[in-house]
Amino acid sequence: MDFKDTNDMSSPQRTRPEIPPDAGADCAASVFAASHPLAERIKELNCLYGISNLLENHGVSLSWIMQRAVELIPAAWQYPQNACARILLDGQEYTSRNFKTTPWRQSTTIILNDQPVGGVDVFYLEAPPENPAGPFLEEEQRLLRAIGERLSKVLWLKRSEEALKESEARYRVLTEQVAEGVALVQDGRFRYVNPAFCGMFNVPLAEALIGGLVSAPAVGAADDIACLYAGSAADDPTTRVENVHRLARDGATCWIQVCHSPITLKGLPALLSTFKDITEIKEQQVAAEKMADLLDRENRVLRASLSDRYRLGEILGRSAAMQTVYELILKAAATDASVAIFGESGTGKELVARAIHDHSHRKKARFVAVNCGAIQETLFEREFFGHRKGAFSSAHADSPGYLDMAAGGTLFLDEVGDLTPGMQAKLLRAIEGGGYRPVGGTEAILSDFRIISASNAPLADRVVKGEMRDDFFYRIQVIQIQLPPLRERRQDIPLLVEHFLRKMRPPADSIRIAGPIMDALMDYDWPGNVRELRNVLQRYATLGQLEFLSPGQQPSTAPITAALDLREAVQQLEKSLILRALREAGGNRTKAARLLGISRRALFRKITAP
């Protein structure tokens, strides 16, 4: 429908009739000339004010206003009894009494935000008196446009009001559903609190708090509420404040995170605050900090003790090389990663593997040591995977394999390089989680065990030669531990000597190692490492003489009687130490004197003494 301003029966606009000055001087005509425009003007104003006053009715709908407005329009026209009106808005039609469409029509458009949204029509029910200027006055056209503008304003206000109510409803639903407490404060008084706030501060009913002073709430945990607003921007809400408060309640401590945000409400400053109970998070944080402090202290103690440790399990040694080994053992024990131990024969590789097992979470399960060099390839599956009853002629009962025995514990593969590639492939499948099947069995078994391997030679060489699969090579040595030979940690020999003598059966505590004997032990290269040292001491305690049995060499001896002459023994020991210091110093007497802890002159005197 076209809502352009129109006057049907188009003809030049006419104005209200004016009384010619010379039409007569009688009083009645003069009064009519003055009062008629005034009466028309009053009718127009009544119409416009009536429409405006409709907004004063709170809570009424837009339809109610439009219906009342359309009934006010006909009274403002020149022939009110002959006029009717219609408002079209958003597809709705509002009409005055006795409304009908006729050829005598006057219209205007209702515009909102520069867009036509409806229109207003005025009709005369019957033909008005003949007038060359048309059926409607020019003032009536202006009045109709003013009515359209007034209705546009009414429409804008009602839609804004509805949008505001919808926004407030959404915000209220949101604040009532959130777990955090929400409060709105203006002029130092509560304007709104949500249910979470009431629950947090024991407020029985939100209405009991609304309007009350923030500094002295009438209900709930008044002291706590006042404390959370103390020092905030409640009185001067211009700055955002965020902090955490610690409150004591019923002998317990709770933590409240508070955020005060300044906002503007109805043109005035206000304070929107959120309250979050972070007690659980804070307790976890405090517990984590305490645990971190405890672990830090334990770590410091462990490191301090590790720095001068002389043994770990059955492993002995104060040397720096062994301190490094101890640290690697403890680190390896904290994980489930595969460990490869390298070292010469007799350096204690199995002791290191057992120490890792004993310090790990698997220590309550079994430590299964396997000498891979003794495994025949034809018996590999039977030895590692076990067999079922009846699998072969002598299988009278089910028998577990090494993997079954190591379930939950550790499988130690000594001399792992002796496994053939075929054995490695079968074992790799079980290690990688593919499971294994016992001989004579039909179902695959999964076993949780840790692999620790050992070798006296680098495994990389076997990979190059094609004697070891590269996938098996990488799988078994996530962590590498290299054990030093005994000749590289000679300072540990006295400690080892004392330990082995004490462990002998029967105990050999009564045997004292004389200086020359100890000197001989210190000078020896120990190709058999600690194992050889233990055996040499066993012979010494049994036979009474020191005897070294190196492959390809004649046995060398050091008789125990050499130590019976104290003066000679002291001289031999002094001579031996001087020679050793000179050897280690490359013949430099100054450095040798420094190693011996004596002056260069004293060293020279001892060397030149007869």
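Hi everyone. Let me start with one term: two residues are in contact when they have heavy atoms within 4.5 Å of each other. With that in hand, here is a way into this chain, which is a predicted model. Taking the contacts with a separation of 6 or more, 61% are between residues 24 or more positions apart.

A few more figures for the whole chain. It has 610 residues, and 40% of them count as buried. The secondary structure comes to 19 helices and 19 strands. The accessible surface is about 34100 Å², with 52% of that belonging to carbon and sulfur atoms.

Now let's zoom in on a sheet. It is an open one made of 5 strands, and if you walk across it you meet β7, β6, β10, β9 and β8 in that order, with antiparallel pairing. Which strands stand at the edges? They are β7, residues 189–193, and β8, residues 241–249; each has a single partner strand, so one side of each is left without a neighbour in the sheet. On average, neighbouring strands here are turned by 30 degrees against each other, if we ignore direction.

Helix α3, residues 138–177, touches β6, β7 and β10, and its direction makes about 85 degrees with that of β7. Helix α5, residues 222–229, touches β6, β7, β8, β9 and β10, and its direction makes about 155 degrees with that of β8.

Leucine 247 stands opposite cysteine 254 of β9. The two strands form a hairpin with 2 residues between them, and in that turn aspartate 250 has a positive phi of about 50 degrees.

The axes of α14, residues 493–503, and α15, residues 515–523, come within 10 Å and cross at roughly 115 degrees. The crossing is right-handed. Who makes the contact? From α14 we have Ile493, Pro494 and Val497, and from α15 Met518, Leu521 and Met522.

Definitions and conventions: Residues are numbered from 1 along each chain as its sequence is written. This is a predicted model: local features need pLDDT of at least 70, side-chain atom pairs count only at pLDDT 80 or more; totals for chains, interfaces and linings use all residues. Side-chain values use heavy atoms; hydrogens and water are left out. Axes are lines fitted to C-alpha atoms, for helices over the stretch in contact, and angles run from 0 to 180 degrees between N-to-C directions. Helices (H or I, at least four residues) and strands (E, at least two) are DSSP runs, numbered from the N terminus. A crossing is left-handed if the near helix is turned anticlockwise from the far one by less than a right angle, and right-handed if clockwise. Two strands pair if DSSP finds at least two bridges between them. Buried means under 20% relative accessible area, exposed over 50%, partly exposed in between (1.4 Å probe, protein chains only). Accessible areas come from the Shrake-Rupley method with a 1.4 Å probe; for residues, only the protein chains shown count as cover.
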